[in-house]
Each structure stands twice: as C-alpha cells, then as structure tokens.
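Subject: Structure handover

Hi there,

Here is the structure I promised to pass on. Have a look at it first, and then read on for what turned up.

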Amino acid sequence: MEEQYIQRFTPAMLAEALAHYGATPESAHDLGGFENFIYHFEREGQPYILRLAHSSRRDHDLIQAEVDWINYLAAQGVPVAAAIRSDQGTLVEAIDDGHGEAFMATAFELAVGRVYRESDDWTPALYERYGELLGSLHALTQDYQPPTAARRPAWDDPRMDYALSCLPASEVAIAERYKAAKAEAQSLPRDPHAYGLLHYDAHKANILVSEDVHLTLIDFDDAAYAHFIFDIAIVIYHSTAAVADREAEAAKLLPPFLTGYARRNRLDPAWLQQLPLFLKLREIDLYGVIHRDFDVDNIEHPRVAAFMEGRKERIEAGKPYLEMDFESYKQYLE
C-alpha cells in the first residue's frame, strides 16, 4: 500500500470498521498485509478476518464483485473463506478516510490451516489436491453469472496492468517485451471453456493447509477474467520462484497437479504450449511491482533479492522463465 494511504489510516477508522461487525479494537489483532490492512477479530466468540482496502486501489464495485464470486464458490462447495455480512446486512462497508476517499471494509470467515512455504512440504498427493481445487474453480466459472451489476476486470484492464504502471521510464526494453507478450496473449481466443473469472493469484501463500491436509483458497483481491492457463502459470511460477532448480521443481509439480486438475475440469491440452507466454507475463509483472515497492539497488528481502539477480538481463534477452517442453505433459490433461 502506498505510504500516503498508510498515513491516512487511524485507530478511529479501525474502530469504525470493526463496529460494523459488532466488534471492538480490543478484540482485533493486526496481521500485517501487503496491499491492504488485515486484522483478526472476534464477534460473539467466533473468529473472523477483517480486510481494509483503500478505494484508490479497489473501489466498492470491484470488492462487491470479488465477494459475490467468493460466496458463489463457497455455496458450490469450493473450500474458500466466505465473506460475511456486516450488522447492516452488507458485504462491503465504506470508512471515510477524511480526504474524499475511503477504506473499504470486508470481513471473512477464518480459514483453518497454515501456509506450506517450503518445496519439501508439498507431496505429490498435496499437489494433486491443489490441482483439484483450481480445477473446481475453473469448472464453476464457466456457468457463473454475477448476481449484481458489479464486475471484476479482465487481466489486461489498465487497473490490473501493474507492469507498465510500475516500470520506471528507464526500462524501455522490458516494457517493449511486456507489450509484445501482452499483445500475443490478447490475440488468443476467449472461449468460455478456457477463459473466465479466476482467482488470478492462486499461489501457495494463498493456500492454507489444515492438519488433516484440507486445502482452503484465500485472498481473491486480484480476481480477474483471464485464460485458465494463466491461473495455472501463476501456480507454476510461484512454486518455482524460490528454488535453485526451477525446472526440476516444475517437473515435480506438473504431473500430480494436472492430474488433479483434469479430475475437476476439462481443459484442451493444447493450451499447455501457451505456458511460456503467461509465465513471461507474470515474470515481468512482478519485476514491475518490485520496482514500485522496493529500492532495487538496496533490496534487503532475501527472496526478492534472489528473484532480481540477473532478472533484468534475462527478460531483455527474451529468455523463457523455464526451459521446458510443457507439451510433453499433455497426457495428464487428457
């Protein structure tokens, strides 16, 4: 979140947001957050999550469309953290920030589990369940009709275009690489059996794993209309980003993940050949966001520093994110 909005947020605003859910600041605990303020709170002895997003980033309609989608999935049995209504009966509450804008408050059920960050935590059986979860979502999006006028944007909507909005003017070559990849992706057919409303950020940090190995998908803040293969590319990208041998990690993930996915949704295996394109879009997107959120000449965060090492040169040279023959995995989708 931009510093100016962090400075605007006050304890009184938090108290007002919590009051909409019958809770007090004494019951709330700050959980941090990257783009939003996130709190754990209790109402009538039950635990929930409160999220506060500034309207400059996500306005009322965007958040309404997000929670409509989440609650549809929950009603269909997909393991997600459903949004709850305020005491006023709404899913989104606006908290005036004193500058003509607002912090948009939304509360969610508390999902049980923890994030499995390390590669060794992810067994083939767990990857298969991961694939089933994403496959279920992709199957349901094909018949989804938003219940309100609010709509989520497409992946190439300017509101979702972090790469070009965050890249410094000096990164001319990388901006051109991104524009070319974006144009190629925009030329692909948007068949309802391969394109729809997706999570669009379903990486491992947004998966909670319970003690009985039950998976719950959280944080739909980036939900957008996109090609199904883009959602799969995001899973692959983030699962391999922090390991030394990315290709070996992808080879470990793909067979069980795609097997589980195919159990829940039918996707033409020909889409696998588009993975390098969507992996490249994700790579440049994150490269831009890092320029927005970090001093790239002095990065102290070890994972971010590792990602940026040699990244500029690789992108400018047009090197694929992974040197793999993805079509060789088509058997798992058939």
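Searching the whole structure gives two cavities of 30 Å³ or more. The structure is a predicted model, where local features need pLDDT of at least 70, side-chain atom pairs count only at pLDDT 80 or more, and totals for chains, interfaces and linings use all residues. Residues are numbered from 1 along each chain as its sequence is written, and side-chain values use heavy atoms, with hydrogens and water left out.

A word on terms before the details. Rolling a probe the size of a water molecule over the atoms shows where empty space is left. On a 1 Å grid over the protein atoms alone, a cavity is a set of points where a 1.4 Å probe fits but cannot get out. A pocket is an open set with protein on both sides within 12 Å along at least five of seven lines, and lining residues have an atom within 4 Å of a point. Grid points are joined across faces, edges and corners, and a volume is the space filled by probe spheres set on the points.

**Cavities**

The largest cavity holds about 100 Å³ of space. Its lining is made up of Trp155, Met160, Tyr162, Tyr178, Tyr200, Phe230, Leu281, Arg282 and Asp285. Helix α9 (residues 275-293) gives the largest share of that lining, three residues; helices (H or I, at least four residues) and strands (E, at least two) are DSSP runs, numbered from the N terminus. Sorted by class, the lining has seven nonpolar, no polar and two charged residues. Here Ala, Val, Leu, Ile, Met, Phe, Trp, Tyr, Cys and Pro count as nonpolar, Asp, Glu, Lys and Arg as charged, and the others, Gly among them, as polar.

The second largest cavity has a volume of about 40 Å³. Around it sit Ala65, Asp68, Tyr144, Pro146, Ala150, Arg151, Arg152, Leu197 and Tyr225, which divide into six nonpolar, no polar and three charged.

Two or more lining residues come from each of α5 (162-166) and α9, with α5 giving the largest share, three residues. By class, the lining of this pocket has five nonpolar, three polar and eight charged residues.

Asp161 is in the loop between α4 (124-141) and α5. Is Asp161 buried or exposed? Asp161 counts as buried because its relative accessibility is 8%, and buried means under 20% relative accessible area, exposed over 50%, partly exposed in between (1.4 Å probe, protein chains only). The side chains of Asp161 and Tyr178 make a polar contact of 3.1 Å. Such a contact is a pair of N or O atoms within 3.5 Å; within protein, one must be able to donate a hydrogen and the other to accept it, and residues adjacent in sequence count only if both atoms are side-chain atoms. Leaving aside residues up to four places away in sequence, Asp161 touches Tyr178 and Lys182, where contact means heavy atoms within 4.5 Å.

Ala205 sits in the loop between β7 (195-198) and β8 (207-209). Ala205 counts as partly exposed because its relative accessibility is 29%. Not counting residues up to four places away in sequence, Ala205 touches Val115 and Arg117.

Ser328 is found in the segment after α11 (311-316) and is partly exposed, with a relative accessible area of 38%. A polar atom of the Ser328 side chain lies 2.6 Å from the backbone oxygen of Asp325.

Strands β1 (residues 29-32) and β2 (residues 37-43) run antiparallel and are joined by three bridges; two strands pair if DSSP finds at least two bridges between them. Gly32 has Ile38 of β2 as its bridge partner. Four residues lie between the strands of this hairpin, and Gly33 takes a positive phi near 145°.

Strand β5 (residues 93-96) is joined to the antiparallel strand β6 (residues 102-109) by four bridges. Ile95 has Phe103 as its bridge partner in β6. This hairpin has five residues between its strands, with Gly98 in the turn at a positive phi of about 80°. On β5, Glu93 and Ile95 make up the covered face, while Ala94 and Asp96 form the uncovered one.

Best wishes
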